[in-house]
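This report describes a protein chain and its ligands. The sequence and the structure are shown first, and the account then starts from one of the ligand sites.

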Amino acid sequence: MAKTSEEAVSIASELKSPVVIKMQTWTTGRADMGGIKFAATAEEAGEMASEILGMKVKNFTVDNVLIEKKLNIEQEFYAALIIDDKSAKPMMIFSSVGGTGIEEIAEEHPDKVARLSIDLLEGLKDYQARELLRRTGITGKLQMKIAMVLVKLFNLAKKYETRAAEINPLVITDDGALIAADCRITVDDSAVFRHPELGIEIARELDRPPSKLDKIAWDVEKDDYRGTFYFIQMAQGFSKEDNYVGFHGAGGGGSMMSMDALNNKGFKIANFVDTSGNPPASKVYRAAKIILSQNNIVGYFGSGSGVASQEQFHSARGLVKAFREADLSIPAVIRLGGNQEDKAIEILTELTKELPAPVEGYKKNDSADFCAERMNSLVESFDYNSVKTNKFQPPVQEKPYSFKTLTGEIFYDHALCADCTDTPCIASCEPEILKLENGLPVLAVSGEDAAKGKCTECLACEQVCHYHGNKGAYISLPIAGLTV
Ligand code: SF4
Ligand code: SF4
């Protein structure tokens, strides 16, 4: 593997042979993109590597190339083990005329492509593999040799619980060697946890290596089962002129419709986020912080299912905390349709009205198209150059009283609380885990219970405290790896 043209030269010199330079991306069709090149000399390999390195594929930069010895190929085959949805069984596919455009090959040469449905418990037997090969015209010793490869391919796919395992191409070289010249496996997302040896960082089917932000978001999601948080970065390295928006959806269908509405207004989507299934405010807050950490987005657009059954004010509180800490410097349009939407919009708009950038809240009767139009007007009229923001610093507390929550920590500054007459934090706590002791807020349950989930991380105590002009409450919800 080479990251620079110099490394490519040195690897090619070591191989002492003509080489192939292959773009390392998690995608098919690399040859058509100019991502596979052949070089006769080491110098040529360096030049070709530098042409490929830095290319943009699906908005991400190619930063690795594989340098391999060029094989003198006599014949190409294709072998794959997939899961056939129809029969709900593994299926081996073999082509004796290669595999680039396997569907077309199967149509044009039905006698050269064969399929075999495999009983999972029985596995693939050698005689079954040979029969499969016979149907594609492979006979004799070659049939025996390839049959062994197919049996091994099936065993590997079973061991690693793959949804697809593919050798493309499987080749015979001019000296008679049978070589798997390129391979790819896709492990079932739900089985990834059983295979730490594979080093898969995110158990999700991605078409590229995870970005830094993808990893940070996965860290938030992977151990917190309260609702969903799905994040995927869709672009990097853009400027303000490119018109990218940070997208925060809730629910698949509504999110798709909302992204279409944005696209129709000429916006591009920097990321896809879904927080749904009744996530706590803390999770929505972390999602919003991660979205906001992307440089050069021109706006923040929240819109998903029009009539969500989750209590939308939790999402509103998460957004409010993130927007306030960011001292929001880009316009935001948030559509929080569904259960308790009036309360949600009131929280959202009341607690963000002092921020440098506008935040507009909409409900179920406001369409995604209308909200995208609002985003468009705000972005067009907003003066990005003159906006001034303050960097958020957690408060320094004189007499902190604190307790742990499931994913963070809550602090009340008892020095400030001593002067607080209305103490709204107590009434705002729906799970009723707070009480007054000598006029100061303290836990009414054990610290252990609060940390196990009695504190629902609803963020209400912090927000009512600030809304009433008191500054005693602060909730710390760290996001590992996020520096902004
Ligand atoms: S509202 Fe704030 S300042 Fe007042 S008692 Fe509660 S935490 Fe303390
Ligand atoms: S202490 Fe109560 S109000 Fe504060 S975050 Fe926890 S559950 Fe919400």
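The shell around ligand 1 consists of nine nonpolar and three polar residues, with no charged residue. The model is a predicted one. The shell includes four cysteines, namely Cys417, Cys420, Cys425 and Cys465. Tyr412, Leu416, Thr423, Pro424, Pro441, Asn470, Gly472 and Ala473 are also found around ligand 1. Helix H12 (414-417) and helix H13 (424-428) are the elements that give two or more residues to this shell.

## Surroundings of ligand 2

Around ligand 2 there are 13 residues, and the closest of them are Cys429, Cys455, Cys458, Ala460 and Cys461. By class, this shell comprises ten nonpolar residues, two polar residues and one charged residue.

## Overall organisation

The protein chain has 484 residues, of which 37% are buried. Its C-alpha trace extends over about 90 × 50 × 45 Å along the principal axes. The secondary structure comprises 15 helices and 23 strands. Among the contacts with a separation of 6 or more, 69% are between residues 24 or more positions apart.

The chain is divided into domain 1 (5-69), domain 2 (73-191), domain 3 (212-381) and domain 4 (400-476). A distance of 39 Å separates the C-alpha centres of domain 1 and domain 3.

## The sheet S2-S1-S5

Three strands form an open sheet in the order S2-S1-S5, and their pairing is antiparallel. Strand S2 (36-39) and strand S5 (65-69) each have a single partner strand, so each edge strand has one side without a neighbour in the sheet. From one strand to the next, the twist averages 20 degrees.

Strand S1 (residues 19-23) and S2 run antiparallel and are joined by four bridges. In this pair, Val20 stands opposite Phe38 of S2. Helix H1 (residues 5-15) packs on the sheet through S1, S2 and S5, and its direction makes about 15 degrees with that of S5. Helix H2 (residues 42-52) also lies across S1, S2 and S5, running at about 10 degrees to S1.

## The sheet S19-S20-S23

A further open sheet has three strands in the order S19-S20-S23, again with antiparallel pairing. Its edges are strand S19 (400-404) and strand S23 (473-476); each has a single partner strand, so one side of each is left without a neighbour in the sheet. With direction ignored, neighbouring strands are turned by 20 degrees against each other on average.

S19 is joined to strand S20 (residues 409-413) by five bridges, and the two run antiparallel. Ser402 stands opposite Phe411 in S20.

## Leu198 in its loop

Leu198 belongs to the loop between strand S11 (183-187) and helix H6 (212-222). Is this residue buried or exposed? Leu198 has 12 C-beta neighbours inside 10 Å and therefore counts as exposed, since the exposed class covers residues with 12 or fewer such neighbours.

When neighbours within four places in sequence are left aside, Leu198 is in contact with Tyr160 and Val187. Phe382 is 184 residues from Leu198 along the chain, and the C-alpha atoms of these two residues are separated by 48 Å.

Key:
Residues numbered from 1 in each chain as written. Chains lettered and ligands numbered in written order. Predicted model: local features only at pLDDT ≥ 70, side-chain atom pairs only at ≥ 80, totals over all residues. Near = placed C-beta within 6 Å. Nonpolar A, V, L, I, M, F, W, Y, C, P; charged D, E, K, R; others polar. Domains from an automatic or database assignment. Pairing = 2+ DSSP bridges. Axes fitted to C-alpha atoms, helices over the stretch in contact; angles between N-to-C directions. Contact = placed C-beta atoms within 7 Å. Buried ≥ 20, exposed ≤ 12 C-beta atoms within 10 Å, placed from the backbone.
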